[in-house]
Amino acid sequence: MQLSPSLSEMETEPCCEEQRDGALDPTEPEEAEGISELAESNSVNESPCGPAKEDLELCGEDPAETESQAVESRGTDKKSLPDCRQEGEKGECKVEKKLKKTNSWKMVRFQDPSLEEDVVERDSSAEILFPEYAVEEWTSTPFEELFMAEDWENITEDRLLRKKVLQSGDIHVPHATWDQEVTVKMQGVVEDRTVVEKDCKLVFVIGEGDVIQALEECVMSMQKGEIALLLTDSQYAYGLLGREPDIPAWAPLLYQLQLLDIRDKPDPLTLPIADRIRIGNQKRERGNVHFQREEYGLAARAYCVALEVLTTRSKDGNDVGMKEEEEEVREYRVKCLNNLAAAQLKLEQFDEALHTSRDVLTLQPDNVKALFRAGKLLSDKGVYDEAMEVLKQALKLEPTTKAIHAELSKLVKRQSGGKDMQQWRVKPAKVLGDDITPFLIPSKKKSSGISWKFILGALVVALGSLVTSMVLTARH
């Protein structure tokens with residue numbers, strides 16, 4: 001699915017200045033950085049010193065950090081901005097002003113923010129990409145009838161993804177396949193025919209999750225140059241969450257699209273490092289959006305694709321000596337690996353998450369988030385000695401983080417077999433030097449002897465009994 005830069009990388013720039021008292025949540029990801037523009041101070045993953053909503057008090061990277069924040073990217077790798085040119089011909093896209101910024105997923109909702117300051121909302125209903133194919137199915141037929149129509153072709157066996165060819169393509173060109181890059185011209189509507197998606201030059205790689213599954217499946221069934229109507233159930237589009245503010249939950253969609261080009265995707269090793277950083281960050285942005293939508297498998301896949309691109313290796317060897325760019329790539333890899341570890345934890349892939357966290361520490365030994373995740377995972381696996389060393393290192397770097405203290409407390413309890421731990425409390429975070437032990441101090445234990453209050457009570461009872469018996473004896 002084409003993801004909105006609104007969750008832009010969920011990591012707009014880690015900021016460690018505002019540490020919050022919270023619980024470090026090892027499952028939180030990191031946000032997108034540099035290539036995205038803050039729409040509002042809210043950013044999905046880390047706005048500059050922003051609201052990283054991780055339970056973690058660590059200031060660090062977290063992809064899915066702030067749900068209310070929207071970071072807007074200037075362009076996404078797989079969704080190129082509409083290449084609209086002013087040409088008087090009908091059917092061509094006209095140059096548009098920036099569209100209204102939203103914190104939705106969007107397929108094509110923003111123009112280059114550098115064009116002008118003000119944001120203008122476009123009347124998309126006035127623009128028609130395929131005026132010569134304004135057929136009844138496109139303009140008015142209820143979706144229920146289209147799902148049952150006999151002259152439509154089923155792309156999937158469940159009849160929930162269907163197409164109708166309006167113009168045949170070149171039969172001599174092979175169909176697009178998985179992992180190839182395609183360019184399409186498309187527009188999509190909901191059932192009341194409100195245009196919700198439009199792009200006259202949308203570029204994406206099949207299988208990388210850049211667009212909704214319906215578009216990926218459809219282009220693989222099309223010939224180059226073919227124009228078709230595509231009807232998709234919500235399960236191949238935006239599902240139960242929909243896409244705020246324009247696509248409701250469980251909403252089927254209808255598209256008009258044309259397959260313009262098919263080609264092999266570029267080998268990242270042949271690209272300049274600057275391009276790898278740009279593409280890698282765009283992939284990570286998509287992963288962050290999936291993470292926010294709790295689609296953790298798709299998020300993990302997006303992070304893995306980003307890591308394949310974020311490399312300093314090169315086939316021609318021309319990247320030698322570019323130390324600054326290599327360091328930048330390393331920083332982005334760290335963020336991406338941290339995001340991947342967060343997604344793996346959500347998927348309960350604990351061994352993989354530990355391996356990924358160790359990869360982070362190989363690149364950045366003092367990464368507190370990776371230290372905390374690794375220490376917690378080692379503790380859960382019963383590797384207590386190594387877990388203690390890792391968590392001590394994390395506490396030394398972030399002595400005020402309550403989550404680390406809490407995890408150390410749990411670790412000490414596990415090491416002792418759970419005995420006499422109920423009265424143990426975390427030591428106040430005053431540790432700032434090399435000596436950061438002991439982490440825990442036991443509270444005073446109650447005396448095991450007989451309490452003086454108990455003895456006094458027993459004497460009072462005995463005395464009362466004696467007096468009562470004497471009074472009864474005197475009466476008799």
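The structure holds 21 salt bridges, each defined as a side-chain nitrogen of Lys or Arg within 4 Å of a carboxyl oxygen of Asp or Glu. The model is predicted, with local features requiring pLDDT of at least 70, side-chain atom pairs counting only at pLDDT 80 or more, and totals for chains, interfaces and linings using all residues. Residues are numbered from 1 along each chain as its sequence is written, and side-chain values use heavy atoms, with hydrogens and water left out.

Asp151 and Lys164 meet through their side chains in a salt bridge of 3.2 Å, N to O. Because Asp151 lies in the loop between helix H2 (143-148) and strand E3 (153-154) while Lys164 belongs to strand E4 (residues 161-167), the pair ties together parts that are 13 residues apart in sequence. Helices (H or I, at least four residues) and strands (E, at least two) are DSSP runs, numbered from the N terminus. Lys164 counts as buried at 19% relative accessibility; buried means under 20% relative accessible area, exposed over 50%, and partly exposed in between (1.4 Å probe, protein chains only).

Lys163 has a salt bridge of its own, with Glu226, and the closest N and O atoms are 2.9 Å apart. Glu226 sits in the loop between helix H3 (213-219) and E7, and Lys163 is in strand E4, so this contact ties together parts 63 residues apart in sequence. Both ends are buried: Glu226 has 3% relative accessibility and Lys163 has 2%.

A further salt bridge joins the side chains of Glu208 and Lys265 (2.7 Å, N to O). This pair links distant parts of the chain, with Glu208 in the loop between E6 and H3 and Lys265 in the loop between E8 and H4, 57 residues apart. Glu208 is buried, at a relative accessible area of 9%, whereas Lys265 is partly exposed, at 27%. Through shared partners, salt bridges join Asp179, Glu208, Asp210, Lys265, Lys283 and Arg286 into one network.

Turning to the rings, the structure holds 1 aromatic pair. Phe291 and Tyr296 form this edge-to-face pair, at 5.1 Å centre to centre and 70° between the planes. For such pairs, rings of Phe, Tyr and Trp (its six-membered ring) must have centres within 6.5 Å; planes under 30 degrees apart count as stacked, over 60 as edge-to-face and the rest as tilted. Phe291 is buried, with a relative accessible area of 4%, and Tyr296 also counts as buried, at 16%. Charges sit over two further rings: the charged end of Lys185 is 5.2 Å from the ring centre of Phe130, and Arg243 lies over the face of Tyr238 at 5.4 Å from the ring centre. The criterion here is NZ of Lys or CZ of Arg within 6 Å of the ring centre and within 35 degrees of the ring normal.

Most residues other than glycine have a negative phi, and most peptide bonds are trans. The peptide bond from Glu244 to Pro245, however, is cis, with omega near 0°. Pro245 is placed in the loop between strand E7 (227-232) and strand E8 (253-264). Trp250 lies in that loop between E7 and E8 as well, and its phi is positive, near 60°. Trp250 is exposed, with a relative accessible area of 55%. Glu294, in the loop between helix H4 (273-292) and helix H5 (296-309), has a positive phi of about 65° although it is not a glycine. Glu294 counts as exposed, at 58% relative accessibility.

Just after H6, Glu348 takes a positive phi of about 60°. For helix H10 (residues 402-415), the 14 residues should span 20 Å, and the end C-alpha atoms are 20 Å apart, which agrees. The buried residues of H10 are Ala403, Ile404, His405, Glu407, Leu408, Leu411 and Val412. Just after H10, Gly417 takes a positive phi of about 80°.

Conventions. Expected span 1.5 Å × (residues − 1).
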